[in-house]
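Let's take a friendly walk through this model together. Have the sequence and the structure open side by side, and we will go from one spot to the next.

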Amino acid sequence: MFRREHFALRLQVYWWFPESLRVDWEAEPLAIRPLSYGSSSQLSSEKPDRDYSLYETESDSTSKDVPPLANRNEITCGLPKHKGQHVVSKLNPSRQEEMCDSCGQNAAVKICLTCNNSFCESHAREHHELLSTHTLAAVSRDLERRRSQLGQQYTFSVATQDEDGHLSQWVTERVTTAVPPPQTLTKRHSEATSLSLQWTKGENMEGIPHQFLIKVTSPGKEPHVIYTKDCYKMFSDLEPDTEYEFSVSTVLKDNCSDPVYISVHTEPCLREFLSRIGLEDQYDRKLSVSDFLEITQNDTSEDKTETLKSLCEAFLKSLLMLNINARNVKSVCEDLEAGEKNTINPLDLITAVFLCSDSFLQQDLALKMALCQFAVPLLLPNSETREITMMLWSLRGIVQTFRPSQQAFMKLNCEERLVLFDLPLISFVRLGKRFMSKSAMLNKLLSNAEHYHDRFCHSELVCGDVPRKISDGLVEVSWYLPCGNRSTDQFSEPLAVANLRGDLQAFDKQFSFLCQTSTAVYIFCDESKQDYLKNFEGKHVNANIILVSSRQGKTSVLKTMTTTPSLKTTVVSQRNKTHTELLQALQKSVSKILESNPNKMSLASLAEQARCCEIMIDEDCNECQSAWENAHKITSTITETSEFKEQELPSQGHTWKALSWLETEHWRLRKVGNRNTEEYQMSLKTKEKELKKRQQRFDVSAAMLNFLEGFGSSAQRRFFLKWLEMELDDLSRHQLSTLQDRYKEQNKKSPKNTETIAEIDKQISVYSLRVDHFFRECGQLYVCSSSLPEYSKRRKAIEQLPALYAQMVLDGFPLELVDGDAANIPMKWITDVLTELHYILDSNSQLKVITTIGAENSGKSTLLNTMFGVRFAFNKGTCTRGAFMQLVRVSKDVRRDLGCDCILIIDTEGLKQHQMVQNDHSHERDKEVASLALALSDAAIVSVSKDGCTDSHILKVVLHALTRLEGVDRKLLCHFVHVNISGMSADEKKGRDKELLEKLNVMIQRNTEMKKDKKLSDVMELHPNTWSWNIPPIWKGTPPMAPLNVDFSETAQALKKQLLWGLKKYPVRGDLTHFIKKIETLWKAV
């Protein structure tokens, strides 16, 4: 209804959509004159109509409210009370018959719906012949009536009449009946620079020719007007990340309806967003692991640059160092007025990093995020390509240990690769606007009683309230894994939890995928939005649908929803007035689902369903699939690990171990006895020649041929090695895990039972099968390749191995320095790999070396990985044997300050307790390896445990190595770390450190191999305030649901800074070529 007022006589004109109007006024007795379809020229010549028989009397009409319309085909004019009466006139349109617009004489029989003209029979025929594309329709009474009355102008004149019949001056008003506005204006799709709108015609407009007026407004620009006859419009060349307002009106006979409005915020341009955070180049040239195996200014300086473009590096560095505060990154805002533009939502940062990372960095990031107890991307949206990718490859690296109820009863652990383990999937989505934080509720749902942890980002986190730009549509996954303790566990069985970001109405593919793959889907929605759920009526949905229904965000209730044969909801909980009550209802609901033997599927098995939902799989590239086929050729033949190693990897077996013993016996002379030394060494050489000939007779096995064939392109080679690493781990993990548990238990309960401990240790070695073993075989084949024909294809392929492995070292693969099973160094192989590495670095390979030694299972590898982001093996059952090296490059801006081009990190075998000395000389091996690593290094991290007996043994090994450094013009920079220490007061730490220094000085004085006047400061560099460190426990609570201890990560980072600061003072000792020479010299010396 529209109202118009003239203040002189308070003439009020009302008209009702679509066909009726009313005129009211307040005055003395008056007369009214209707002029239908009048023009302005007609008004001045009209005379008052004195025939009052046209009027009708209503004595009981006293209300000024709008009366109901009895006949919507009539125009009703109501008069105020005059002498106790209302006078009402019924006025019908003056044109009762539609005439031909061409001749004006004959009645119209056809209407052109294109040009809105009416024609008689003959003129309709002519019009059709001239304009055959126009649409003609028969004149119908209803259509003609609606054409006449919608948007029709009426003119009214009103005058006051006194008792003598004299009239005042006429007051005139023109009124146009309403044009129906468009209906159901909706957005069909929206991108960064384009969007489309759709609407339906107004009421009663079907069959009436008309068009639509669209007005587009945006901040800082003039409105733009568009006309169209369609009920659909595509808009292009829009600004990304901009709020637009669209109004659409119906246009009929030059009259417009009231507009209907919709506001649409265009999506940000992905590349523009990436440019803001410094990743524009990495969208096409992906980030790799090697990009972050680098020492930068932030590693050596206390000053932190917190610009927007530094956020990505800060996030990745923190995440690779297992810092659970990695997501809490925020730039320094220089322009306070543009504060929002200088901040970024953590989910957008995670999405951007994954979109700009290669497959191998994605897998590393997912593993680190899982260790930090962060939710990991499962379905990754790309706002530029409109594609969704299931991150199956990224999730394959995650292995967790937990105790479901059945294993908890038997006190057994379950160690599984989560992507392959059958679990119920519980999904959580939102319908409509946010009325509570779904993610915060999920964090409470998955947190055990002893600790709360933010697995999913939510608005209360740093920058969590910043509007998301590119991460809507992201589906994250996390896991609940019980520890077997009923008082701690929230749920007794493991489950996977998926969380869709954004309104499910905008993400059909993701929501459809979750409905078909989940055991249950919880939909958070307001009661006012539940009409949308009618779309599911009659459709088959695999998941149980449970509504978390809210009433204006104040109270909520859980309802189950069935879709077949008809839509039905059933309340299954009391109305919850607080979030705590809702949390309890959710816990009860999920527990009930887990107790009902739900369907369980592995994430890997959901790939086919994802493809059906038009979701891409990250593993579907040719390189990944062909690499898996090559890896599977090897692993499919493995039934017994020990037999496979004997038959397929013969070059590193008994012959190589015997040869290694002979080589080291040349200068150690352990069994010379009373024999002549020269004759004894000659006999050793004779045996050595025989063993080398036997070694050269080994043919390349089928498994090694397949291994060498897997070395295709660079990408395929890396996929192949990763597939092989994971499949070998899956084959041996359970057996090694059991052996490792027994080994630890025996060491703890019966340390004097050395025979049992040694036997378990031997079994661990026998059943271990890793990629390292294949590269050991490569090293032996390379050494023996000189016996092959010079121009044979096999020899050429083998001779390329050092260059290939050197590139792998740059990509982050560790290089085995000392073979832990044979206690020897394959010098030719190591020499040629490091030489090739020197060439790849363009001879810029000035080195400084850091090593770590300590008791076995003391967390040395984990500490190095946390400090430098390297990839030394640290999983249970894979304790380091021998020594491994990994190269970390130094960025150009700090090379001069640090005095080197790269840093070499050496991880050594854990030192065994003295009681475990066996006849196989294992006690010599770990001591020799530790001594070699210390002799090669500029700085050392010495891991000390609470066990005083172990401490003494480790300290003796350290001093044993230092005695061999006499004559070298330098001292070793040492940092002693005390692992798993928390809550120690400053006085206690000071007393313990003083006791340790005294113990070291006493050992030096009693060491017969050193001069008696030697002091600790003569062989070791110890900074007064930073030489001793307390390393907190890595977990803050009971794994597997406990988060990582942020103090562990921050202490490791502080130790790293001190190490690098100390290395600045050390002069460069040479490049990789010098390092090679030192290896050979020092290995003989120790």
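Is Glu239 buried, partly exposed or exposed? With a relative accessible area of 38%, Glu239 is partly exposed, since partly exposed covers the range between under 20% for buried and over 50% for exposed. Please keep in mind that you are looking at a predicted model.

Side chains of opposite charge can pair when their charged atoms come close. Here, the side chain of Glu239 meets that of Lys221 in a salt bridge, with 3.8 Å from N to O. Glu239 sits in the loop between β17 (232–235) and β18 (243–252), while Lys221 sits in the loop between β15 (211–217) and β16 (224–228), so this pair ties together parts that are 18 residues apart in sequence.

Now move along to Asp241, which forms a salt bridge with Lys469 at 3.1 Å, N to O. Asp241 belongs to the loop between β17 and β18, and Lys469 to the loop between α11 (438–446) and β27 (475–480), so the parts tied together by this pair are 228 residues apart in sequence. Asp241 has a relative accessible area of 29% and is therefore partly exposed. Lys469 counts as partly exposed too, at 22% relative accessibility.

Arg468 is partly exposed at 28% relative accessible area, and Asp472 is partly exposed at 35%.

Some charged side chains are linked in a network. One such network of salt bridges joins Asp761, Arg776, Glu816, Asp819, Asp821 and Arg881. A search of the whole structure finds 39 salt bridges.

Phe409, Met410 and Leu412 make a nonpolar surface patch of about 370 Å². Leu412 lies in the loop between α10 (405–409) and β25 (414–417), and its relative accessibility of 44% makes it partly exposed.

Our last stop is a pair of helices. Two packed helices are described by the angle between their axes and the distance between the axes. For helix α17 (residues 654–668) and helix α18 (residues 677–696), the axes come within 9 Å and cross at roughly 155 degrees. Angles over 145 degrees count as roughly antiparallel, and α17 and α18 are therefore roughly antiparallel to each other. The crossing in which α17 passes α18 is left-handed.

Conventions:
Residues numbered from 1 in each chain as written. Predicted model: local features only at pLDDT ≥ 70, side-chain atom pairs only at ≥ 80, totals over all residues. Heavy atoms only, no water. Patch = residues over 30% accessible without salt bridge, like charges linked within 9 Å, V, L, I, M, F, W, Y side chains within 5 Å. Areas by Shrake-Rupley, 256 points an atom, 1.4 Å probe, with all protein chains shown as cover. Salt bridge = Lys/Arg side-chain N within 4 Å of Asp/Glu carboxyl O. Helix = DSSP H or I, 4+ residues; strand = E, 2+ residues; numbered from the N terminus. Buried < 20%, exposed > 50% of the residue type's maximum accessible area, 1.4 Å probe, protein only. Axes fitted to C-alpha atoms, helices over the stretch in contact; angles between N-to-C directions. Parallel < 35°, antiparallel > 145°, perpendicular 65-115°, else oblique. Left-handed = near helix turned anticlockwise from the far one by under 90°.
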